[in-house]
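Hello,

Here is the structure I promised to pass on to you. Please have a look at it first, and then read on for what turned up.

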Amino acid sequence: MRQGTGADDRDGLPPGGADAAGCPRGADRAPRLHGGPGDEVPWDLLRARHGGLVPVEVGPGERGWLLLGYKENLQVLRDCDLFSADPRPWSPAGTAPARSGALARDGEEHRRLRVPLVEALAQVGTPQLVPVVERAAVHLLGRVAAEGSADLIGQYAAPLPALVLNELFGLPDAYGRLLADLTTRLWSGEPDRAEPAARAVRAYFAGLVARKRADPGEDLASRLLAHPHGLTDEEAVASLSLLWETGHEPTTHLIGNALFRLLEDPRMWTAYLGGTLTPEDFVDYVMWTDPPIRMLAGRYATADAGFAGARLRRGEPMLFGFASAHTDPSVFHGGDDAMAMAGNRSHLMWGAGAHRCPATGFTRELVRTAIDMAVDRMRGMVLAVEPHELRRRGGPSVHGLVELPVWFTATGERAEPAEEEPEAPVRRWIRKKRRPASQGARYQAPLAREEDPGERAARVPAAGPRPRPRRPPQGAGARYQAPFAEEETRPDPLEALLAAWRPGG
């Protein structure tokens, strides 16, 4: 295997290098990722020709590097001195040139922003998480129970993480359905749907932070905000948004890819249901062989340096090639035998080093429970189409199915969603100061009792000049029924977002 991939040792790379999918430009270009059913990038061929990394074009006229080897990917993940996760010094716009899964900061700033999220997630243990996942799964599976058919991506794996995370944020289910629907629109590939959805997702997290600042509780978002590191509202919104953006799609497609693997391989199904293959080992096997993320941006060379036989220039972006690293023969020996790989948890899907995924245990428990619930409740589940007819997501990064249609034994009973009482408006009152109480007469003095004529005559004074009534001093006396100052209301952003939401729009 050749390691030279520098400017003077391209090993036959055509002029123009390769595109961001790792495909060489020119006549001998490799197939695109997900260009059609069955199309795959030949990682073995690329590694044999270019070694541990290959130059790619990450943007018009912008060169970067796609990491192909396992050890090269692992080294870049771990080395925070030579490889920075912060795009600001290297990108004119201060943003990553491609999708990134890392918290885009380094050093002490990275630790200050990361620790509150890590510690908040650590408080969500199995006893708390599993019932939440089970409730969400029962709700989603109950909606298709009487049909005998379902799309395990669109009707189960995609909305499930939204419902789970929303409940852990301490919000009613209506907001979880909102978040799930907005995420579907984000994935639609239609700009007129995706762009408004992206703004609405941002508004969801901004509204969540505003509500939990005003009314904290025992939930994930409140714990993050209460952390001693004292995140600002903007930092909290960015942290929770990153948790969602980097976790939702991988979690969805990890569930989908795992269910597809069980359905297409009867031996795997038997081993899993029989307990020979544990859920933990099965999830790791899917991570190795069918990872939900195949390629990811996220690092920049901090100096001109030699690396894996190539010459890196300061500021050049590095793209992780997880799919290639997981088929590197130096570490991957199991092939299609899940039992031979049992206990091998050295795949790179969780990352490594300072930027390792903070939600590893959380995601494992969520995925394991989601798989078990689908297998247990959809009896006799089988694929509704041939495996080669299934459509894969486009693009070089996310690796998953567009839909996963199945047939199963219907229960004959449709679980209707429970009618939810409308959430009481959350009002933020600003009460104006009231003036001191008046010192004059009592308000609404009782009327004198009615007297009879004899009593009235006895009290008539003797004839003579009548004294003039004394006028009270200017300004003295009681203020009768003074109205309270009008109470002002601050609208709750989440309420406004939910009110404007139109499902399926």
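How many aromatic pairs does the count come to? The model is a predicted one, and in it the count comes to five aromatic pairs. One of them joins tyrosine 204 and phenylalanine 205: the ring centres are 5.0 Å apart and the planes stand at 85 degrees, so this pair is edge-to-face. Both tyrosine 204 and phenylalanine 205 are buried. They also belong to one aromatic cluster, which is made up of Phe169, Tyr204 and Phe205.

Now to the strands, beginning with the hairpin. Strand 1 (residues 53–59) pairs with strand 2 (residues 62–67) through six bridges, in the antiparallel sense. Within this pairing, valine 56 has glycine 64 of strand 2 as its bridge partner. Two residues lie between the strands of the hairpin, and glycine 61 takes a positive phi near 75 degrees there.

Strand 2 has a further link, to strand 8: the two run parallel and are joined by two bridges. Here leucine 66 is found opposite leucine 319 of strand 8. Strand 8 (residues 317–321) also pairs with strand 5, this time in the antiparallel sense and over five bridges. In that pairing, methionine 295 has glycine 321 in strand 8 as its bridge partner.

Strand 5 is worth a look of its own. It covers residues 295–301, and seven of its seven residues are buried, so the strand is largely enclosed by the rest of the structure. Strand 5 is also joined to strand 3 (residues 83–84), by two bridges, and these two strands run antiparallel. The residue opposite tyrosine 300 of strand 5 is serine 84.

That brings me to serine 84, which lies in strand 3. Is serine 84 buried or exposed? Its relative accessible area is 5%; buried means under 20%, so serine 84 counts as buried. A polar atom of its side chain lies 3.1 Å from the backbone nitrogen of aspartate 86. Neighbours within four places in sequence aside, the residues in contact with serine 84 are Trp90, Asp106, Gly298, Arg299, Tyr300 and Thr302.

Aspartate 106, from that list, sits in the loop between strand 3 and helix 3 (107–122). With a relative accessible area of 24%, aspartate 106 is partly exposed. Its side chain makes a polar contact with the side chain of serine 84, at 2.4 Å. The side chain of aspartate 106 also reaches the backbone nitrogen of alanine 85, at 3.2 Å. Again leaving aside neighbours within four places in sequence, aspartate 106 is in contact with Ser84, Ala85, Asp86 and His355. Histidine 355 is 249 residues away from aspartate 106 along the chain, yet the C-alpha atoms of the two are separated by 9.2 Å.

Three strands make up an open sheet in the order 4-10-9, with antiparallel pairing. Strand 4 (149–151) and strand 9 (382–383) are its edge strands, each pairing on one side only. Two bridges connect strand 9 with strand 10 (residues 405–407) in the antiparallel sense. Leucine 383 has valine 406 in strand 10 as its bridge partner.

Among the helices, I would pick out helix 7 (residues 173–186). It has 14 residues and reaches 20 Å from its first C-alpha to its last, close to the 20 Å expected at 1.5 Å a residue. Of those 14 residues, 10 are buried, so helix 7 is largely enclosed by the rest of the structure. The buried residues are Ala174, Tyr175, Gly176, Leu178, Leu179, Ala180, Asp181, Leu182, Thr183 and Arg185. What covers the buried residues of helix 7? The cover includes helix 6 (159–168), helix 8 (191–214), helix 10 (233–264) and helix 16 (493–500).

Last, the cysteines. The count of disulfides comes to zero. Cysteine 80 is partly exposed at 30% relative accessibility, and cysteine 357 is partly exposed at 26%.

Best wishes

How values were computed: Residues are numbered from 1 along each chain as its sequence is written. This is a predicted model: local features need pLDDT of at least 70, side-chain atom pairs count only at pLDDT 80 or more; totals for chains, interfaces and linings use all residues. Side-chain values use heavy atoms; hydrogens and water are left out. Buried means under 20% relative accessible area, exposed over 50%, partly exposed in between (1.4 Å probe, protein chains only). Helices (H or I, at least four residues) and strands (E, at least two) are DSSP runs, numbered from the N terminus. Two strands pair if DSSP finds at least two bridges between them. The expected span of a helix is 1.5 Å times one less than its number of residues. Contact means heavy atoms within 4.5 Å. A polar contact is a pair of N or O atoms within 3.5 Å; within protein, one must be able to donate a hydrogen and the other to accept it, and residues adjacent in sequence count only if both atoms are side-chain atoms. Rings of Phe, Tyr and Trp (its six-membered ring) pair if their centres lie within 6.5 Å; planes under 30 degrees apart count as stacked, over 60 as edge-to-face and the rest as tilted. A disulfide is a pair of cysteine sulfur atoms within 2.5 Å.
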